[in-house]
Amino acid sequence: MKVTTVGSGLRAVTKEHGLTEYWANRITYCTAHPSYPRVFCWIYRHEGRKMKQELRCHAVLCPKEEKAKQMAANLQDRLHQALVDFKKEKFLDKMLDLALQTQFMTILQCHIESCCFKLVLATTNLL
């Protein structure tokens, strides 16, 4: 098995299953635990039968302790950056929605004022 950290999460290649992608938004935890320094493990949220969510622990035995630590650090950095990007995107979406609502309210208010002005003109012409 060969596991690499990529921008989207983890990529694992095995002879038996071929290529498997573990998406960053579904990885809930990863570590290279001090008690088992060569083991890199992560918890992944899979969709089971009938779309039921289940958490599964995955682990690989790395050739060296440094490799396991490096993979854990790289993945944690990528997960943190993905969370920052997600929050930034949500904030920008919220600001865009607010700007559109404000613009709509301004247009609506101008339309109402225009209608009221026309109504006043119409009533004054009738008198």
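Four salt bridges turn up in a search of the whole structure, a salt bridge being a side-chain nitrogen of Lys or Arg within 4 Å of a carboxyl oxygen of Asp or Glu. The model is a predicted one, in which local features need pLDDT of at least 70 and side-chain atom pairs count only at pLDDT 80 or more, while totals for chains, interfaces and linings use all residues. Residues are numbered from 1 along each chain as its sequence is written, and side-chain values use heavy atoms, with hydrogens and water left out.

Strands (E, at least two residues) and helices (H or I, at least four) are DSSP runs, numbered from the N terminus. E21 is partly exposed at 21% relative accessibility, and R11 is likewise partly exposed, at 32%. Here buried means under 20% relative accessible area, exposed means over 50%, and partly exposed lies in between (1.4 Å probe, protein chains only).

Another of the salt bridges joins R26 and E47, with the closest N and O atoms 2.8 Å apart. This pair links distant parts of the chain, as R26 sits in the loop between β3 and β4 (27-31) and E47 in strand β5 (residues 39-47), 21 residues apart. R26 is buried, with a relative accessible area of 17%, whereas E47 is partly exposed at 37%. The side chains of E54 and R56 also meet in a salt bridge, at 2.5 Å from N to O. Both partners are partly exposed: E54 has 31% relative accessibility and R56 has 37%.

Turning to the helix, D93 is located in helix α1 (residues 65-126) and is partly exposed, at 39% relative accessibility. Together with D85, E89 and D97, D93 forms a negative surface patch. Such patches are made of residues with over 30% relative accessible area and no salt bridge, with like charges joined within 9 Å and nonpolar side chains (Val, Leu, Ile, Met, Phe, Trp, Tyr) within 5 Å. Asp and Glu count as negative, Lys and Arg as positive, and His and the chain ends are not counted.

Finally, T5 lies in strand β1 (residues 2-6). T5 is buried, with a relative accessible area of 17%. Leaving aside residues up to four places away in sequence, T5 touches L10, M71, N74, L75 and R78, where contact means heavy atoms within 4.5 Å.

Methods. Areas by Shrake-Rupley, 256 points an atom, 1.4 Å probe, with all protein chains shown as cover. Charge placed at Lys NZ, Arg CZ, Asp CG, Glu CD.
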